[in-house]
Amino acid sequence: MVKVTIDGIEIEVPEGTTILNAARMIGGKVVPPAMCYYSKLKTTGGYCRTCLVKVAAGSAKDPRPMPKLVVSCSTTVQDGMVVLSSTSPEVAEARKGVVEFLLINHPLDCPICDQAGECKLQDLGYEHGLAKTRYEFPRRTFEKEDIGDKIKLHMTRCILCYRCVKVGEQLTPKRVHGVMNRGDVAEISTFVQNNIDNEFSGNMIDVCPVGALTDKTFRFKSRVWYTKPMDAHRDCKKCSGKVALWMKGEEVLRVTARKDANNEAIDFICNECRFDKKNASDWVIEKPTHIDRHSVISANHYEKEEQLKLGKFTDHKMIEKEAPKLPAPKTKK
Amino acid sequence: MQSLTTRSKVASNKKMTFVEKLYLPAILGGMRITLNHFFKKKVTISYPEQTRPMAPVYRGQHVLKRDENGAERCTACGLCAVACPAEAITMTAAERKPGEEALYREEKYASVYEINMLRCIFCGLCEEACPKEAIFLTDRIIDSGYLRKSFIFGKDILVDPLDKPIDVSVRETKETREFKTHPEFAHNKLNTKSLK
């Protein structure tokens, strides 16, 4: 076990843990945003640079600070390391720059995009970005593409995080899509228009942090915040069958994997569950999915009080911790 | 009981005199007041022919604007509906098909867009929330009706008529006009390339 201090909060973590995972163990504001790293997929991370942190002291043995900001998703902690994440203005400035670069070619078509409301790039831009762009040149554009008959690819929105490629590599035996070309013209595409018909290919929709890969069965059906997410399950031979249903009244508009506090799928689900089971009678509905109360989806979303308190969700814990304590009322004696 | 206003009078059962019993002075007094009003300035107007001046920011019936090429600006993003405190707005989105580029500005459009005018409180928050400059409140007054269903305004009433567009330029603030022409907000302009 090694001791590491992130934003003044000390935590003991196993050796070989990355700074990002150590921060996620603390939870709350400390956690650097991550667009490409996905803990459930191997060899992700290192592409997007949004998780930059400042290392103020390398280790107890060598307390010199690291010369540059480091990517927290692929830097392992050392004993006595001191990390600044949300408290460093330098980090905030760097993240702002990264957001600006990520948004250079992004079409900003949030009013049209199905991901709006649950988009990580939207959150990131809102938190760290500028309200306006300094880029005056034409943005790169691509034709819309169908990846298989159930997935739509909007390449213009892609930030090239490679998560979907890793899904193809690690969840399905035969990857038929990947990143073509290089640099500015790099794009996700299928090899010679090969359809993806693997049972787990739908998970690339869930891992996509932006609206580049979207569910064609949900395309333009509703905005995310008008649907009510519900935890549900069914007996499935191929996957765990534990999903989140996005319902409008009695209608199931969309099925996704359940997400944890870091917006990562808890269990990957199969395409049968995702695309073919669109009746409420196919599912056993458990309870409303936990939604962070700062999210637009939480409008008109009700959960039980105990669920909010007992849940292992960091946002509420942090809110309770950070809330200023009211002075005790003065009583006359 | 203590009176609530200063105008209350204590009624008396005093017997009327002979002159008072004739009622003539009282009738004449009343006639004088009525006649005086014939020579005063009228407070009413004959409404449909004459109209009162309206404030430029009066919030009346909504309009869904078209862009300079006549295509509907609304993309059914739902921000007006989420901003609406009275929950008066509902919509259904649809995907634009090839060949409909002249009708709809973006790849998604509202196939159904309804405002329940009985629910609407004319607060103007939909106008403020709209990222596409599509919805505006105008100085038109909602007509009265006999049926509740006649107050659910669909696209047939709301969308700007092509032949005589409704002028909403007075409602655009200096800031919005600057925003529209600002080079740093170029993403706000129509990018014809990305629409293929």
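Let's start with one residue pair: Lys3(A) sits opposite Glu12(A), which belongs to S2(A). This is a predicted model, by the way, so take what follows as a reading of the prediction. Zooming out, strand S1 of chain A covers residues 2–6 and strand S2 of chain A covers residues 9–13, and the two are antiparallel, with five bridges between them. Two residues separate S1(A) from S2(A), which makes the pair a hairpin. In its turn, Asp7(A) takes a positive phi of about 50°.

S1(A) has another partner too: strand S5 of chain A (residues 81–84), paired in the parallel sense through three bridges. Here Thr5(A) faces Val82(A) of S5(A). As a reminder, strands in a sheet pair through backbone hydrogen bonds, in either a parallel or an antiparallel way.

## Helix H1 against the strands

What does H1(A) pack against? Its buried residues pack against S1, S2, S5 and strand S3 (52–57) of chain A. Helix H1 itself spans residues 19–26 of chain A, and its buried residues are Ile19(A), Leu20(A), Ala22(A), Ala23(A) and Arg24(A). Note that Arg24(A) is one of the buried ones.

## The four-strand sheet of chain A

Further along chain A there is an open sheet of four strands, ordered S13-S12-S11-S14, with antiparallel pairing. Strand S13 (251–257) and strand S14 (284–288) of chain A are the edge strands; each has a single partner strand, so one side of each lacks a neighbour in the sheet. From one strand to the next, the twist averages 40°.

In this sheet, strand S11 (residues 228–233) and strand S12 (residues 242–248) of chain A run antiparallel and are joined by six bridges. If you want a pair to click on, Lys228(A) has Met247(A) as its bridge partner in S12(A).

## Two domains in chain A

Chain A is assigned two domains: domain 1 takes in 2–91 and domain 2 takes in 222–313. How far apart are the C-alpha centres of the two domains of chain A? They lie 31 Å apart. As for direct contact, five residues of domain 1 of chain A meet four residues of domain 2 of chain A. On the domain 1 side of chain A, the touching residues are one nonpolar, two polar and two charged.

## A loop residue in chain B

Over in chain B, Glu172(B) is found in the loop that links helix H5 (155–158) to helix H6 (174–181). Is Glu172(B) buried or partly exposed? With 14 other C-beta atoms within 10 Å, Glu172(B) counts as partly exposed. Glu133(B) is 39 residues away from Glu172(B) in sequence, yet their C-alpha atoms are 9.5 Å apart in space.

For the model as a whole, the scores are ipTM 0.76 and pTM 0.78. Chain B has a mean pLDDT of 86, with 89% of its residues at 70 or more. Residues 191–196 of chain B have pLDDT below 50, and beyond near neighbours in sequence this stretch makes eight contacts in the model. Where pLDDT is low, predicted coordinates should not be read in detail.

Methods. Residues numbered from 1 in each chain as written. Chains lettered and ligands numbered in written order. Predicted model: local features only at pLDDT ≥ 70, side-chain atom pairs only at ≥ 80, totals over all residues. Pairing = 2+ DSSP bridges. Axes fitted to C-alpha atoms, helices over the stretch in contact; angles between N-to-C directions. Buried ≥ 20, exposed ≤ 12 C-beta atoms within 10 Å, placed from the backbone. Contact = placed C-beta atoms within 7 Å. Domains from an automatic or database assignment. Nonpolar A, V, L, I, M, F, W, Y, C, P; charged D, E, K, R; others polar. pLDDT = per-residue confidence, 0-100.
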